[in-house]
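Dear colleague,

I am passing on the structure we spoke of, and below it you will find a short account of what came out of it. Please look through the structure itself before reading on.

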Amino acid sequence: MSCDVRACLRPEIREMAPYVPGEQPRDGQAIKLNTNENPYPPSPSIARALASAAETLARYPDPLATAFRQEAARVLDVDADQILCGNGSDDILTIVTRAFVPTGGEVRFPSPSYILYRTLASLQGATFREVPFTDAWSWDERLLEDIDSAHLVYVPNPNSPTGTLISNKDLCALAEALPCPLLIDEAYVDFAPHHAVALTKRYPHVMVSRTLSKSYALAGLRFGYLVAHPDLIGVLRKVKDSYNTDALSIAAATAAMADQAWLKDNVARCIRTREALTAGLDRLGFATIPSHANFVWCHHPQHDAQSLYRFLKDRGLLVRYMAYEGWMDGLRISVGTDEAIAKLLALLAERVGRSGL
Ligand SMILES: *Cc1c(COP(=O)(O)O)cnc(C)c1O
């Protein structure tokens with residue numbers, strides 16, 4: 001007997017393109033402005049929470065991460081039974097996709113946006129339809145074409161890689177037009193002027209996902225959560241792995257959520273740097289899009305984005321080069337420390353000349 005393992009794979013797994021995360025060099029030498037991590041260490045209260053949680057590790061963790069849900073419920077002014085926790089918000093997105101999208105089904109989302117949505121659809125044996133944003137970076141009416149064939153709509157807000165934000169009024173209009181669930185991915189919302197948690201009280205088919213990876217400086221921890229109607233949260237609990245968040249991550253995430261003063265300071269600092277980054281890029285002749293996240297999308301009319309990426313990489317500075325079919329290619333630059341951004345702007349000035357100064 002012999003088994004051709006490749007032939008045994010589900011065809012959609014064999015054929016799908018893998019999701020490729022941003023580079024994570026392990027030598028610790030590069031200045032990383034490529035994966036939207038926070039440039040500062042997290043709240044100091046986390047180290048203490050981890051130390052005492054370490055003593056509980058002989059036991060299985062709370063499958064529902066109740067301590068975290070209670071803390072988050074207080075911060076967001078919702079009930080703890082409106083919250084589902086996950087191993088990063090990518091886990092949350094997986095749970096929601098598994099729950100709503102059948103094999104042969106369809107998901108929709110605006111483009112350009114988060115590439116992982118394509119992977120989630122493919123893993124599920126579903127297709128995806130990407131619909132360009134309007135010129136004002138809201139959702140386009142074409143998102144509703146043949147809407148009865150869609151099983152789930154993802155809207156990242158603020159969006160990646162553009163940093164643009166759709167108003168709650170436009171999100172309500174979308175929710176009202178949709179016959180299927182809407183997942184608003186708020187990975188970057190702490191850097192933005194408004195969020196959509198209130199919509200989950202108004203519409204039972206609207207869900208909001210969050211992560212502690214960006215604004216709470218905990219990308220290495222892996223903790224995210226979903227806010228939705230309690231009945232829906234109850235169903236989604238059946239879909240998740242029983243212990244999808246561990247005792248250490250629950251303790252750290254709870255401590256992080258309890259330290260809102262840290263969050264407020266960190267976000268204010270990142271926003272100041274974001275504005276300096278945008279102004280600096282504009283002065284160098286880059287076209288930028290005003291961002292509500294902790295990164296800025298840009299391209300330069302006279303300089304190829306991929307060679308700018310390589311120029312920076314050769315000098316120890318990583319940014320994200322991205323090429324979107326049907327839109328453009330460019331650089332997504334994460335907000336770093338003020339020193340890192342000053343270094344970036346100095347290198348770019350060397351390369352493109354200070355045309356605008
Ligand atoms: C970073 C990111 C996430 C996921 O973050 P996790 O680290 O998995 O919590 C989700 N959506 C978008 C748009 C992101 O950029």
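**Aromatic residues and helix packing**

In this predicted model, one aromatic cluster is formed by Tyr19, Phe109, Tyr114, Tyr117, Phe128 and Tyr154. Tyr117 counts as buried because its relative accessible area is 0%, where the cut-off for buried is under 20%.

Turning to helix α9, which spans residues 230-239, the buried residues are Leu232, Ile233 and Leu236. Because these residues cover an arc of only 100 degrees around the axis, they lie on the same side of α9. The buried residues of α9 are covered by elements including β2 (83-86), α5 (89-100), β7 (206-211) and β8 (224-227), whereas the face turned away from the buried side carries the exposed residues Asp231 and Lys238.

Finally, helix α11 (residues 260-283) packs with helix α13 (residues 338-352) at an angle of about 5 degrees, their axes being 10 Å apart. Since angles under 35 degrees count as roughly parallel, α11 and α13 are therefore roughly parallel to each other. In this contact, Thr273, Ala276, Leu277, Gly280 and Leu281 of α11 meet Asp338, Ile341, Leu344, Leu345 and Leu348 of α13, and by class the residues are seven nonpolar, two polar and one charged.

With kind regards

Methods: Residues numbered from 1 in each chain as written. Predicted model: local features only at pLDDT ≥ 70, side-chain atom pairs only at ≥ 80, totals over all residues. Heavy atoms only, no water. Buried < 20%, exposed > 50% of the residue type's maximum accessible area, 1.4 Å probe, protein only. Helix = DSSP H or I, 4+ residues; strand = E, 2+ residues; numbered from the N terminus. Arc of directions from axis to C-beta. Contact = heavy atoms within 4.5 Å. Axes fitted to C-alpha atoms, helices over the stretch in contact; angles between N-to-C directions. Parallel < 35°, antiparallel > 145°, perpendicular 65-115°, else oblique. Nonpolar A, V, L, I, M, F, W, Y, C, P; charged D, E, K, R; others polar. Phe/Tyr/Trp six-rings, centres within 6.5 Å; stacked < 30°, edge-to-face > 60°.
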